[in-house]
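Biologist: I'm new to this one. Could you walk me through how to read it?

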Amino acid sequence: MASRELDFAFIISDRAGVSTFRAFCEEECSSEYLSFVQEVMSFRKIEAPSLRRHVARKICERYIADDAPMALSIGKSAREAVHIGDSPVGADMFATLESEV
């Protein structure tokens, strides 16, 4: 499994790899998954709590909400597990969804 994760991490960190993988995803009508993973990777690097919360809401609106324009095909329980309440938003907030994707 670690080899598979390493390979995927390499692909999405390499410009040519991302371009090729995005073309594949578009052919398979699933480019939203790649976009989600890329946004979550950027999200993890955010240190400012208010900015992290703002970006988390945008990710939820774009990919997780019931009426999301780029909705991921995930179960209801997975959607409900991602909740932005009053508590601090951690960098690993989307880890479960990311592994499901």
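Predicted model: local features only at pLDDT ≥ 70, side-chain atom pairs only at ≥ 80, totals over all residues.

Biologist: Which residues touch the most other members of the largest nonpolar core?

Modeller: The general idea: in soluble globular proteins, nonpolar side chains tend to be buried together. A nonpolar core here is a set of buried Ala, Val, Leu, Ile, Met, Phe, Trp, Tyr and Cys residues joined through side-chain atoms within 4.5 Å. Buried means under 20% relative accessible area, exposed over 50%, partly exposed in between (1.4 Å probe, protein chains only). In this case the largest core has 23 residues, and Phe36, Phe43, Ile64, Met93, Phe94 and Leu97 touch the most other members. Two or more residues come from each of α2 (15–27), α3 (31–44) and α4 (49–64); helices are DSSP runs (H or I, at least four residues), numbered from the N terminus.

Biologist: What is Leu97 in contact with, leaving aside neighbours within four places in sequence?

Modeller: Phe36, Ile64, Ile74, Ala78 and Val82, where contact means heavy atoms within 4.5 Å.

Biologist: At what angle do α3 and α4 pack?

Modeller: Two packed helices are described by the angle between their axes and the distance between the axes. Here the angle is about 170° and the axes are 11 Å apart. Axes are lines fitted to C-alpha atoms, for helices over the stretch in contact, and angles run from 0 to 180 degrees between N-to-C directions. So α3 is roughly antiparallel to α4, a label for angles over 145 degrees. Among the residues making the contact are Phe36, Glu39 and Phe43 of α3, and Ile59, Arg62 and Ile64 of α4.

Biologist: How many salt bridges does a search of the whole structure find?

Modeller: Two; the test is a side-chain nitrogen of Lys or Arg within 4 Å of a carboxyl oxygen of Asp or Glu. One joins Glu39 and Arg62, with the closest N and O atoms 2.7 Å apart. That pair links distant parts of the chain, α3 and α4, 23 residues apart. Glu39 is partly exposed at 24% relative accessibility, and Arg62 is partly exposed at 29%.

Biologist: And Lys58 with Glu61, how many residues apart are they?

Modeller: Three, both in α4, so about one helical turn separates them.

How values were computed:
Residues numbered from 1 in each chain as written. Heavy atoms only, no water. Parallel < 35°, antiparallel > 145°, perpendicular 65-115°, else oblique.
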